[in-house]
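I opened my notebook to jot down a few things I looked up here. Come along and check them with me.

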Amino acid sequence: MKNIPFFNYPALFEQRKDEYLNIVQDVLSRGAYIMQQDLIDFENDLAKYLGVKHAIGVADGTMALLTSLMAAGIGEGDEVIVPSHTFIASAAAIHHSGAKPILADCQEDHLIDPDSIAKLITSKTKAIMPVQLNGRVANMDAINKIAVEHNLIIIEDSCQALGAKYKDQFAGTFGLTGAFSFFPAKTLGCFGDGGAVVTNNDEVADKIRMIRDHGRDPIDGNVKMYGFNSRLDNLQAAVLGLKLKYYDEDIVRRRQIATLYHLHLRAIEQVLLPPAPDSEVDHFDVFQNYEIEAHDRDKLREFLSKAGVGTILQWGGSAIHQYSELGFNSDLRYTEEMTKKFILLPLHAMLSDEDVVYICQKINEFYCSTK
Ligand SMILES: Cc1ncc(COP(=O)(O)O)c(C=O)c1O
């Protein structure tokens with residue numbers, strides 16, 4: 001029997017071990033820990049990659065969202081529309097800004113449904129936070145149209161979508177800001193927590209640079225506001241700088257794996273697959289995750305686990321409106337049904353074609369045996 005864990009950190013480390021160790025040695029021998037040249041270099045490289053004016057490294061994706069909301073002036077009395085099918089961090093950032101998260105439904109591709117957004121707008125709505133989930137960009141034409149009509153700010157949660165595009169435009173570059181996470185399992189992951197905000201707005205960029213560093217002005221060091229200690233570590237930035245050089249190669253591999261899954265699973269009528277790479281002209285997906293909807297999901301999970309294949313349910317299997325302690329009372333039809341069926345199959349750069357074919361064989365076997 002094979003053993004295919006959902007994620008494989010040691011294999012990813014081995015892939016470029018010598019280069020990582022060289023970086024660690026170099027940074028440590030220079031004693032370059034906080035806000036040093038490696039951070040500046042990575043920020044410049046990331047801004048260049050995405051074609052934006054500013055990239056600002058922060059502690060993690062959650063702080064990328066919170067500092068974005070604060071810099072955009074969103075706070076008490078405001079409502080921000082966000083999908084329920086996202087990590088709790090998206091809604092938590094809105095909550096901690098002082099605003100209220102309002103949860104929207106998703107659609108068949110598991111991203112925010114623009115029709116659901118339109119129904120939730122009130123006089124208090126200040127912003128929309130589309131979540132570019134699973135390495136795919138939402139329908140930004142429709143979302144922009146709503147934002148323009150109602151004078152709303154867009155803060156993109158692009159934590160799962162570095163490099164993904166909609167109509168040739170990168171995730172994170174549609175809104176006032178785009179937030180990225182470099183959590184280790186992300187398509188661009190570091191060796192711990194990390195994040196960044198990107199923006200073309202000089203004023204917002206200046207504010208975020210202050211908020212991440214105790215409210216201090218980066219030029220004169222004077223405190224101009226209350227901030228946080230939320231800087232991206234220089235060592236992590238140095239690692240990310242190296243990984244960014246290989247990023248496009250890693251994305252090619254992710255898309256190959258998604259293509260293989262598609263080829264081997266598309267005939268099974270009990271599963272709903274994400275759109276295949278290159279199947280839609282408007283979308284370039286980077287497959288942070290391969291999230292399917294599967295009939296008899298829990299039994300399939302158990303079957304795969306016995307066959308040595310690790311799977312995961314995003315957010316522990318619940319959308320945000322289903323966390324009863326948070327007190328949401330939302331009627332989100334698609335999300336409600338989808339959470340009974342959603343499951344992530346393994347997808348990372350070190351997965352072999354043979355592994356993917358084995359996983360697909362097992363899924364085919366499972367549905368043949370339940371017929
Ligand atoms: C959609 C989404 N939003 C926000 C975050 C928060 O990022 P982080 O874990 O880096 O704080 C994540 C990452 O886990 C995420 O997947």
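This is a predicted model: local features need pLDDT of at least 70, side-chain atom pairs count only at pLDDT 80 or more; totals for chains, interfaces and linings use all residues.

Entry: I followed the strands next and got an open sheet of 3, ordered E10-E12-E13, with antiparallel pairing. The edges belong to E10 (271–272) and E13 (342–345); each has a single partner strand, so one side of each has no neighbour in the sheet. Helix H10 (residues 247–265) packs on this sheet and touches E10, E12 and E13. I noted that the direction of H10 makes about 20 degrees with that of E12. Between E10 and E12 I found 2 bridges, in the antiparallel sense.

**Entry: H11.** I saw that H11 lies across E12 and E13 and runs at about 25 degrees to E13. I then looked up how H11 (residues 297–306) packs with H13 (residues 353–369): the angle is about 130 degrees and the axes are 10 Å apart. The two helices are therefore oblique to each other. H11 passes H13 in a right-handed crossing. On the H11 side I listed Lys-299, Leu-300, Phe-303 and Leu-304, which meet H13 residues including Ile-359, Ile-363 and Phe-366. The residues of this contact divide into 7 nonpolar, no polar and 3 charged.

**Entry: Gln-288.** Is Gln-288 buried or exposed? I put Gln-288 down as buried, because its relative accessibility is 6%, under the 20% cut-off. Gln-288 sits in the loop between E11 (283–284) and E12 (290–294). Leaving out residues up to four places away in sequence, Gln-288 touches several others, among them Asn-134, Lys-186, Arg-254 and Leu-347.

Key: Residues are numbered from 1 along each chain as its sequence is written. Side-chain values use heavy atoms; hydrogens and water are left out. Axes are lines fitted to C-alpha atoms, for helices over the stretch in contact, and angles run from 0 to 180 degrees between N-to-C directions. Helices (H or I, at least four residues) and strands (E, at least two) are DSSP runs, numbered from the N terminus. Angles under 35 degrees count as roughly parallel, over 145 as roughly antiparallel, 65 to 115 as roughly perpendicular and the rest as oblique. A crossing is left-handed if the near helix is turned anticlockwise from the far one by less than a right angle, and right-handed if clockwise. Contact means heavy atoms within 4.5 Å. Ala, Val, Leu, Ile, Met, Phe, Trp, Tyr, Cys and Pro count as nonpolar, Asp, Glu, Lys and Arg as charged, and the others, Gly among them, as polar. Buried means under 20% relative accessible area, exposed over 50%, partly exposed in between (1.4 Å probe, protein chains only). Two strands pair if DSSP finds at least two bridges between them.
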